[in-house]
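Have the structure open as you read.

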Amino acid sequence: MVRIMLFITLTLLVQTGWWWLFVPIGIGYAFRYTAYELIALGFMVDWYFGGVSVVPLYGLLSLMLVIVMEWLKPALMVYTEPV
Amino acid sequence: MQKFSSIRRGNSRRTSRTKRISVAVLVVGVVLVLSLVLPRLFSVATQVFWYPFTATYVWLNESSGSLPAYFRDRRELVGQINDLRGELASQSGTDLTIKRLQTENTEFRNLIGAVPGERQVARVVARPPQLPYDVVLIDRGARQGVVASAPVYLGQDQLVGFVSTVNPDTSLVTLVTHPDFSATAYIMGPDIFTLTEGVGGGVLRVRVPQGLLIKQGDVVMLPAVDAGVYGSIFAVTSSPTQPEQFGYVEPAVPLQSLFYVSVGSEPIVTKSFVEAQQVVEAVESKLLRVELPPGVLVTPQSTSTPDGTPLGEGVTASTTPPPVVE
């Protein structure tokens, strides 16, 4: 539920243009979840605002963000696990 | 077994992450290819996805409904309040500037009225603690006619120092409170001549023997210059076991409030005792005289009529002495 609400919030932030709020929330969202939907959102932004034929910069950017977060998660997460 | 199991679990986590990333990149690549092949499909899908968000945004910004109207009006009113606050702050700053200029103008007018013709007004551009010791820098120099050893006044008759260094456009004024400065002073009250010592920080000290009564409020003059009233004693330190007592004198205006002074045109000339006494008597005789505008001062001469008839109840302008009653 939280994930859905956060995703809707991120989409509304894209609509309002508040990038200064979208970026930190988006990074936290990608860190907390495996945020494949952020990639979809990035492509939707490119296709809606720029058209289908443009180079999907936001989509590729979100893909890179997800990949970087997947690599960084083990280093950033602090957790305990029974041996 | 546990060790083997943990190694396997670790390996499986690394493989799973790589696999996820690889799948994501592959899917993105496929989607991109399909978007080039079927652009219309993706365009429609994008519009369908964005429709609820766009509709919400338009509803909030342009709808005439009560809730969006409330949010819009509130945002507009908050913006107006912030603008008005900014205008008020700038207006306060403007008012402050106007008041400061008016005060400065009044000071100028007073100074012009009080300064005799043979003096010139100078602005203090630097003062302690920007300058060491008790010296101030004024914006008048040799080009404006300032000469060394000229007296420097605050107002009409309050001597504050003398010009010690003259530059082309500025001059350095050594105040009488300079630690190395000593002057002859006359203290009204005990009516004695004594020497002053500069203490610094705008304070002068007079030293008198024990037994002489000096008290707060006694006026101190510097008779080396004409009309050289300096200030009044604000503190007295006296110990019965000591042979002398000290009175501390401060000017009426603190150093930090010293903005304009008047500079005499002639250097200070050392006076003899007789001349100094004459200066004291002259100042004493008019110390409490206040310059009044014409028509304000009421004297018998100003209210007299040519035939000497009484002007009112209890008022007579006759100059004949009253008869002596035996």
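A cavity, as the word is used here, is a set of grid points where a 1.4 Å probe fits but cannot get out. Its volume is the space filled by probe spheres set on those points. Please keep in mind that this is a predicted model.

**Enclosed spaces**

How many cavities of 30 Å³ or more does the rule count? The count comes to two. The table sets them side by side.

| Cavity | Volume | Classes of lining residues |
|---|---|---|
| Largest cavity | about 80 Å³ | nine nonpolar, two polar, no charged |
| Second largest cavity | about 30 Å³ | five nonpolar, one polar, two charged |

The largest cavity is lined by residues of chain B, among them Leu154(B), Val160(B), Leu175(B), Val176(B) and Tyr230(B). Further along chain B, the lining also includes Pro251(B), Val253(B), Leu255(B) and Leu258(B). Thr177(B) and Gly202(B) belong to this lining too, and the lining has no charged residues.

The second largest cavity draws its lining from both chains. From chain A come Thr34(A), Tyr36(A), Val66(A), Ile67(A) and Glu70(A), while chain B provides Arg20(B), Ile21(B) and Ala24(B).

**Where the chains meet**

Two residues from that lining turn up again as a pair. Glu70(A) and Arg20(B) form a salt bridge, with their closest N and O atoms 2.7 Å apart. How many salt bridges does the rule find across the interface of chain B and chain A? There is one. Side chains of opposite charge can pair when their charged atoms come close.

The count of residue pairs in polar contact between chain B and chain A is three. On the chain B side, the elements that give two or more residues to the contact are helix 1 (2-37) and helix 2 (39-62). Helix 1 of chain B gives the most, with 10 residues. By class, the side of chain B that touches chain A has 12 nonpolar, four polar and three charged residues.

Overall, 26 residues from chain A and 19 residues from chain B take part in the contact. Together the two chains bury about 2300 Å², and 75% of this area is on carbon and sulfur atoms. Which three residues of chain B supply more of its buried area than any other three? They are Arg17(B), Trp50(B) and Phe53(B), with 27% of the area that chain B buries against chain A.

Now for an open space. The second largest pocket has a volume of about 380 Å³. It is lined by 15 residues, and those closest to its centre are Thr16(A), Trp18(A), Tyr57(B), Leu60(B) and Asn61(B). Helix 1 (2-16) of chain A, helix 2 of chain B and helix 3 (66-114) of chain B each supply at least two residues of the lining. This lining has eight nonpolar, five polar and two charged residues.

**A tie within chain A**

Over all chains, the structure holds 10 salt bridges. One of them joins the side chains of Arg3(A) and Glu37(A), at 2.8 Å from N to O. Arg3(A) lies in helix 1 of chain A and Glu37(A) in helix 3 (residues 36-50) of chain A, so this pair ties together parts 34 residues apart in sequence.

Note on methods. Residues numbered from 1 in each chain as written. Chains lettered and ligands numbered in written order. Predicted model: local features only at pLDDT ≥ 70, side-chain atom pairs only at ≥ 80, totals over all residues. Heavy atoms only, no water. Contact = heavy atoms within 4.5 Å. Buried area = accessible area lost by both parts, 1.4 Å probe. Salt bridge = Lys/Arg side-chain N within 4 Å of Asp/Glu carboxyl O. Polar contact = N/O pair within 3.5 Å; in protein donor to acceptor, adjacent residues only side chain to side chain. Helix = DSSP H or I, 4+ residues; strand = E, 2+ residues; numbered from the N terminus. Nonpolar A, V, L, I, M, F, W, Y, C, P; charged D, E, K, R; others polar. 1 Å grid on protein atoms, 1.4 Å probe; cavity = no way out; pocket = protein on both sides within 12 Å on 5 of 7 lines; lining within 4 Å.
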